[in-house]
Amino acid sequence: MAEGPAYRIETPRLVLRCWIPKDAPLLNAAIEESLRHLRPWMPWARDEPQTVEAKTRRIAQFQEDFDAGRDFVYGIFSPDEKRVLGGTGLHTRVGADAREIGYWIHKGYINRGLATEASAALTKVAFLVDGVARVEIHCSPENLRSAAVPRKLAFTHESRLHTEPDGLEKMIWVMSRAEYAGSPASRCELRAFDVDGSQIL
């Protein structure tokens, strides 16, 4: 098992990395351009739009949590890192030996398989770098694009839950460490780097 966390992950079409303060204008623009697309599915989008200054503060919190090992939020960037294509994360809210992958994609880049590519990469990192036993993806059953991602990666649809306080239904998709070996995620091409830029995967 490589030593992490992975601060930067490179796939054939994407760079996933920890947000930094200079990303705030790009992040703000990407969210504002995608608000109509995001609001039905992302509770946090209801509080948008926000100022660049607010995004800078939020990114500082992302960095603090990343460095402390509390949560791992990534930006999804074009290979030249001049465009924010979305956001994702390896979230720790599902337990100490598990990660939950979340994702959103800029409205201009949907239907290109980018959420699947990012999720495959994070699944691989979760098992090979973070060493967890389980990875989950949660989504609304009405969000067909989002639900297609775990299906493509051979996650198992485990259950449906009603969330509080809004009572909305969500699907729980899971993959165990044993299932990972034969999954499409195990064949994902990537390079991963630690906080110092040393390659760990």
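## A first look at this predicted chain

The chain has five helices and nine strands (these are DSSP runs numbered from the N terminus, with helices being H or I of at least four residues and strands E of at least two). This is a predicted model, where local features need pLDDT of at least 70, side-chain atom pairs count only at pLDDT 80 or more, and totals for chains, interfaces and linings use all residues. Residues are numbered from 1 along each chain as its sequence is written, and side-chain values use heavy atoms, with hydrogens and water left out.

**Overall build**

- Reading from the N terminus, the elements go β-β-α-α-β-β-β-α-β-α-β-β-α-β.
- Along the principal axes, the C-alpha atoms fill a box of roughly 45 × 40 × 30 Å.
- Take the contacts between residues at least 6 apart in sequence: 62% of them join residues at least 24 apart (contact means heavy atoms within 4.5 Å).

- Of the 201 residues, 50% are buried (buried means under 20% relative accessible area, exposed over 50%, and partly exposed in between, with a 1.4 Å probe and protein chains only).

**Aromatic pairs**

- The count comes to six aromatic pairs (rings of Phe, Tyr and Trp, the last by its six-membered ring, pair if their centres lie within 6.5 Å; planes under 30 degrees apart are stacked, over 60 edge-to-face, and the rest tilted).
- One of them is Phe 66 with Phe 72, an edge-to-face pair at 5.0 Å centre to centre and 85° between the planes; both residues are buried.
- Phe 127 and Tyr 180 make a tilted pair, because their ring centres are 5.2 Å apart and their planes meet at 35°.
- Since Phe 127 lies in helix 3 and Tyr 180 in helix 5, that pair ties together parts 53 residues apart in sequence. Phe 127 and Tyr 180 are both buried.
- A cluster also turns up: ring pairs link Tyr 7, Phe 66, Phe 72 and Tyr 74.

- Thr 116 is in helix 3 (residues 114–128) and counts as buried at 13% relative accessibility. Setting aside neighbours within four places in sequence, Thr 116 contacts Val 149, Lys 152 and Leu 153.
- Ala 185 sits in the loop between helix 5 (177–180) and strand 9 (191–193), and its 0% relative accessibility makes it buried. Not counting residues up to four places away in sequence, Ala 185 touches Ala 120, Thr 123, Lys 124, Leu 153 and Tyr 180. From Ala 185 to Glu 32, 153 residues apart along the chain, the C-alpha separation is 31 Å.
- Gly 108 belongs to the loop between strand 5 (98–105) and helix 3, and at 37% relative accessibility Gly 108 is partly exposed. Gly 108 and Pro 40 are 68 residues apart in sequence, with 17 Å between their C-alpha atoms.
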